[in-house]
Amino acid sequence: MLNKQLLPLLLVCIAVAVTTTTTAASTAAEDATVTCNTVYNDLEPCLGYVLGGGPSVPSECCSGIKSLLRAAHTTADRQSACKCVKSVASSATGQQISRAAKIPGICKANVPFKINANVDCSKIK
C-alpha cells in the first residue's frame with residue numbers, strides 16, 4: 001500500500017507520464033480511462049529514486065512509465081494524469097522535482113514535457 005505522505009512525491013513522477021505524442025482524441029474529462037490509481041500503481045517503483053536518488057532508476061520504474069505512456073491514449077487520459085500531479089506536486093522539494101525530471105531521459109521515454117509543479121494541464125494534447 002502506498003504511504004499517503006509519499007503521494008506528493010510520487011505525483012511529481014506522474015508528470016513524466018502525462019504527455020505523450022499527440023493523437024486525435026476527445027478532451028472531455030469523462031472520456032479519461034487513466035485514473036490517479038492507474039498513475040500511482042504504474043509509477044510507485046519510481047518513488048524511491050525521487051525521494052532519495054540513488055545510483056540508478058529501477059528498471060521497474062522505467063517499465064511503469066512506459067506502461068503509463070502506452071495507456072494514455074487520449075488527450076483526456078493525459079490531462080487526467082496531469083490533474084493528479086497538480087493536486088499535490090507543490091508538496092515536493094526542488095531536489096525531488098529535479099530527480100523526477102531526469103527519469104524520462106534515463107528511461108529513454110519519449111516525454112515532450114518539462115516537469116514542474118506549475119504545469120498547465122489544459123495545454124496537454
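Select Cys46 and Cys61: they form a disulfide, with their sulfur atoms 2.0 Å apart (a disulfide is a pair of cysteine sulfur atoms within 2.5 Å). The pair links distant parts of the chain, 15 residues apart, with Cys46 in the loop between α2 (36-43) and α3 (47-52) and Cys61 in helix α4. Helices are DSSP runs of H or I, at least four residues, numbered from the N terminus. The angle about the S-S bond is 100°, a right-handed link. Cys46 is buried at 0% relative accessibility (buried means under 20% relative accessible area, exposed over 50%, partly exposed in between, with a 1.4 Å probe and protein chains only). Cys61 is also buried, at 0%.

The model is predicted: local features need pLDDT of at least 70, side-chain atom pairs count only at pLDDT 80 or more, and totals for chains, interfaces and linings use all residues. Residues are numbered from 1 along each chain as its sequence is written, and side-chain values use heavy atoms, without hydrogens and water.

Next, select Cys62 and Cys107, joined by a disulfide with S to S 2.0 Å. Cys62 lies in helix α4 and Cys107 in helix α6, so the link ties together parts 45 residues apart in sequence. This link is left-handed, with -75° about the S-S bond. Cys62 is buried at 14%, and Cys107 is buried at 3%.

Then go to Thr93, in the loop between α5 (75-88) and α6 (94-107). Thr93 is partly exposed, at 39%. Its C-alpha atom is separated by 10.0 Å from that of Val50.

How values were computed
Helices (H or I, at least four residues) and strands (E, at least two) are DSSP runs, numbered from the N terminus.
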